[in-house]
Structures are given as structure tokens and as C-alpha cells.
Amino acid sequence: MDAVRLRRVNRWQAEELCEDLADLYLESSDLSPSEGHRSHSREEFLHRLSGDIRRPGFAMAIAESTALVGCAFGFPVRSDSFWWRGFDGALPPSIEQLTESDNAFAVNKILIAPHEQDDDIARRLQQRLLTDHQASLGVTLVDEADHPSLAAFRSWGWRDIGEIRKPPGPTMFRALVLPVGERAALRLDGLARHAWTRWPG
């Protein structure tokens, strides 16, 4: 396999890559083979990506060898953010504090080409995003029915803190967090014990 290189792209470069990213999305997704469904899914992805690109602080990292093999993108979670709306119960104080201090960054999507099923590439991409933004906390949402993705995130050190629903859809997500750096990890030590007691892997 050719060496995989990571690089960060800005919002304008991301816009130029939209069609390639949509191709990557279709390759990496378990979609119906019908042309109509794939076309609709592609349009939905491009619409969501366009919205994310316009968010303040949007960032993307891509992995490439001779072609695009992966990407991860996201945006900062602001203190007045909608991100935690729909969270079931009270948000843990340590998570609330890190969000209010603008030290949280949402990893909104990670895509890896199916022939590049390398957990290390996905882990490196999300680490690149969080490091570049000097985030103390990574946050993400994963469909609770997507057991392979949940297992992967947990293997990278992400911690499950509860359920969250994003209307208008019926899907229930697991809210996952990743402390970045020793200080953030120490602040979340009690949370980790609490979370894994309530939601065993």
C-alpha cells in the first residue's frame, strides 16, 4: 500500500473537494445499490457538508496516497452551542465547563475508503483535527445502532456520556467525548468511571 499522508485543508479547498468527498462518502457507506437511493444520499451528504463548511471554525483533515482515501471534519463547540440540545438528563459538570470555556471541538464526520479499512488512519485524522485546534475535549455523536463505529471510537479512548436525540429525525445517538491532554483527562477521570458503570461497553 502506498504511504498515506495527512494534510489540513481550509474551507475553500474543502469546497473544491466536495465531489470527491461525496464519492468517498458513497464508497464508505453501506447504501442500497439502486441508483436513485445513492443519488439521493449523495445530495443529502453534499447539503450537510455545505452547511458544515459555513460554520465558524470549520476544519478538515484529509488522508491521501495516490488518491483521496479518508477525511475527517468538524467545528468548535461554542458555549452557546446547539450541540448538547436533546441530551438526556443533566450534562456532566466537567463537560459543561470545557464547553463553556470554548475548549471543545466536534468531530462531525470521519470517512475512510473501504479498501483502506485502517483504524490507524481514522485515529490519526481525528487526532490531527483536535491537535490543530488545541482542543481540550473532542465530542462526537454516533448512531447507537452503529455498533462497529461505537466500538472503534471506544478503542481510541472516546468515552460514552449518554444519549442525545437530534430532531426532527427519530435516531438516538450516543454522545462520546475524548479528553485531549493530561489536564483534561484528569478532569474527566471521575466521569469515565461513572460513564462506564452506567453504559458498559
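Colleague: Are F153 and W156 buried or exposed?
Modeller: Both F153 and W156 are buried, meaning under 20% relative accessible area with a 1.4 Å probe, protein chains only. This is a predicted model, where local features need pLDDT of at least 70, side-chain atom pairs count only at pLDDT 80 or more, and totals for chains, interfaces and linings use all residues. Residues are numbered from 1 along each chain as its sequence is written, and side-chain values use heavy atoms, leaving out hydrogens and water.

Colleague: Which residues do ring pairs link into a cluster?
Modeller: That cluster is made of F153, W156 and W158. Rings of Phe, Tyr and Trp (its six-membered ring) pair if their centres lie within 6.5 Å; planes under 30 degrees apart count as stacked, over 60 as edge-to-face and the rest as tilted.

Colleague: And how many aromatic pairs in the whole structure?
Modeller: The search finds 6. One of them is Y25 with F45: the centres are 4.6 Å apart and the planes at 10°, so this pair is stacked.

Colleague: Are Y25 and F45 buried or exposed?
Modeller: Y25 and F45 are both buried.

Colleague: New topic: which residues have the most contacts inside the largest nonpolar core?
Modeller: L125 and W158, in a core of 23 residues. Such a core is a set of buried Ala, Val, Leu, Ile, Met, Phe, Trp, Tyr and Cys residues joined through side-chain atoms within 4.5 Å.

Colleague: What about a second core?
Modeller: There is a separate one of 19 residues, including A14, C18, F45 and F58.

Conventions: Buried < 20%, exposed > 50% of the residue type's maximum accessible area, 1.4 Å probe, protein only.
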